[in-house]
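Please keep the sequence and the coordinates at hand while reading.

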Amino acid sequence: MNGLKLVSTGSAMPKGVVTNEDLTKIVDTSDEWITTRTGIHTRRRCGEGESHTQLCLAAARQALERAGIAPEAVGVCLIATFTGDHLNPATACILQKELGFPEDTVCFDLNAACSGFVYALHTAQCLLAAAPRKFGLVLGAEVLSRVTDYTDRSTCILFGDGAGAAVVEWGEDYPSIHAVLGCRGDADVLYTPGVNAEAPSYIHMEGQSVFRFAVETVPRCISQVLEQAGLGVEDVDRYVFHQANQRIIDLAMRKLHLPPEKCTGNIAHTGNTSAASVPLLLDELVSTGALRSGQRALCVGFGAGLTWGGALLELK
Ligand code: ACO
């Protein structure tokens, strides 16, 4: 058996806080509606002088410092995102220069929307097996405020900005992450038009269709990861759900009989940060001691594509 362990985490959030009350001033909504339908109270939004690259750099520096490893030890740098500052170069290439990774470090960005961080973990596990250096830096980062239509009350209440980072290490005697990834090509219920689109590039979402997709897919994905790893529900210390909607998490929890104390999240103060959501929560759990050395976290994401992904990570 060979695979990955989580060595350290980091995160970076923009300064600006957007409350539900703030949103009532720009669209026809209420704090009560947003809180009860989603569990979100506040989210962060990038302002002047803040950028996707800066968030990634800050989160990456924190994770590397906590891991206590030099940039020369990094073999792979992956960033899950669909809202980088440039279409190219990839933000991961900018990190290579700014953080001083060797030139043969594999650096690229990856787009699997809200499942992106789990897709990146799996990709890192595969690439690190063949890499000369065994540490990987994996980020999920989004500036969703750039692709959010602040006249659409059904989406603008959901999204936030932020970046989460993880240093992982590949080892011959480390457990596999047992990734389960999937995709059901659908460009209608959840999509963001590209640069050639005539209309502004905003996220379009049929909320109820995505909700139904998530409630069906997330529990199945978790069960498949557990089955592949030969583990029971009780063998996992933390379930790290993509923070899209508290009601989706509650339904998945009930369906699989997961203990609520193992499923705590941070949606109340982050909103839905797409690919950043899982690593931001991982960082919160590790920083507060809720996930400790030797413990297992099962990460699960779902979103545009439609994609889904689940994977296990043990904290070194
Ligand atoms: N404030 C007040 N009323 C609202 C708001 C709002 N912000 N938004 C919608 N409504 C209204 C609707 O117009 C509708 O009114 P009507 O009955 O008069 O037509 C009513 O509330 C109910 O609307 P629904 O869409 O049925 O509300 P629902 O309970 O489904 O909640 C939500 C909407 C929160 C978007 C939910 O469907 C959801 O979370 N879906 C999943 C989203 C998700 O997980 N996305 C993941 C990926 S994101 C990515 O990949 C980038």
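The model is predicted. The shell around the ligand holds 25 residues, and the protein covers 76% of the 1,000 Å² of accessible area that the ligand has on its own.

**Ligand site**

- Among the 25 residues around the ligand, those that come nearest are T29, R37, C114, Q208 and N245.
- T29 places a polar side-chain atom 2.7 Å from a nitrogen atom of the ligand.
- W33 also has a polar side-chain atom facing a ligand nitrogen atom, at a distance of 3.4 Å.
- In G207 the backbone supplies the polar atom, which lies 3.0 Å from a nitrogen atom of the ligand.
- Two or more residues of the shell come from each of α2 (31–38), α6 (153–156), α7 (207–229), α8 (246–256) and β12 (296–303).
- Helix α7 provides the largest share of the shell, namely four residues.
- By residue class, the shell comprises 13 nonpolar, eight polar and four charged residues.

- N245, one of the residues that come nearest to the ligand, sits in the loop between β11 (238–241) and α8.
- N245 has a relative accessible area of 8% and is therefore buried, the limit being under 20%.
- A polar atom of the N245 side chain is 3.0 Å from the backbone oxygen of R37, and R37 is likewise among the residues that come nearest to the ligand.
- The N245 side chain also reaches the backbone nitrogen of R247, at 2.8 Å.
- T38 belongs to helix α2, and it counts as buried because its relative accessibility is 2%.
- The T38 side chain reaches the backbone oxygen of I34 at 2.5 Å.
- A polar atom of the T38 side chain lies 3.0 Å from the backbone nitrogen of I40.

**Cysteines**

- How many disulfides does the model contain? The count is zero.
- For C107, the closest cysteine sulfur is that of C77, at 4.9 Å; a disulfide requires the sulfur atoms to be within 2.5 Å, so this pair is too far apart for a bond.
- C107 is buried, with a relative accessible area of 15%.
- For C299, the closest cysteine sulfur is in C221, at 11 Å, and this separation is therefore too far for a bond as well.
- C299 counts as buried, at 0% relative accessibility.

- Helix α5 spans residues 116–130 and has 15 residues.
- From its first C-alpha to its last, α5 reaches 22 Å, which is close to the 21 Å expected at 1.5 Å a residue.
- The buried residues of α5 are G116, F117, V118, Y119, A120, L121, A124, Q125 and L128.
- In an α-helix there are 3.6 residues a turn, so residues three or four places apart point the same way.
- Helix α10, residues 277–287, is mostly covered, with eight of its eleven residues buried.
- The buried residues of α10 are S277, V278, P279, L280, L281, L282, D283 and L285.

Note on methods
Residues are numbered from 1 along each chain as its sequence is written. This is a predicted model: local features need pLDDT of at least 70, side-chain atom pairs count only at pLDDT 80 or more; totals for chains, interfaces and linings use all residues. Side-chain values use heavy atoms; hydrogens and water are left out. The expected span of a helix is 1.5 Å times one less than its number of residues. Buried means under 20% relative accessible area, exposed over 50%, partly exposed in between (1.4 Å probe, protein chains only). A residue is near a molecule or strand if one of its heavy atoms lies within 4 Å of it. A polar contact is a pair of N or O atoms within 3.5 Å; within protein, one must be able to donate a hydrogen and the other to accept it, and residues adjacent in sequence count only if both atoms are side-chain atoms. Accessible areas come from the Shrake-Rupley method with a 1.4 Å probe; for residues, only the protein chains shown count as cover. Ala, Val, Leu, Ile, Met, Phe, Trp, Tyr, Cys and Pro count as nonpolar, Asp, Glu, Lys and Arg as charged, and the others, Gly among them, as polar.
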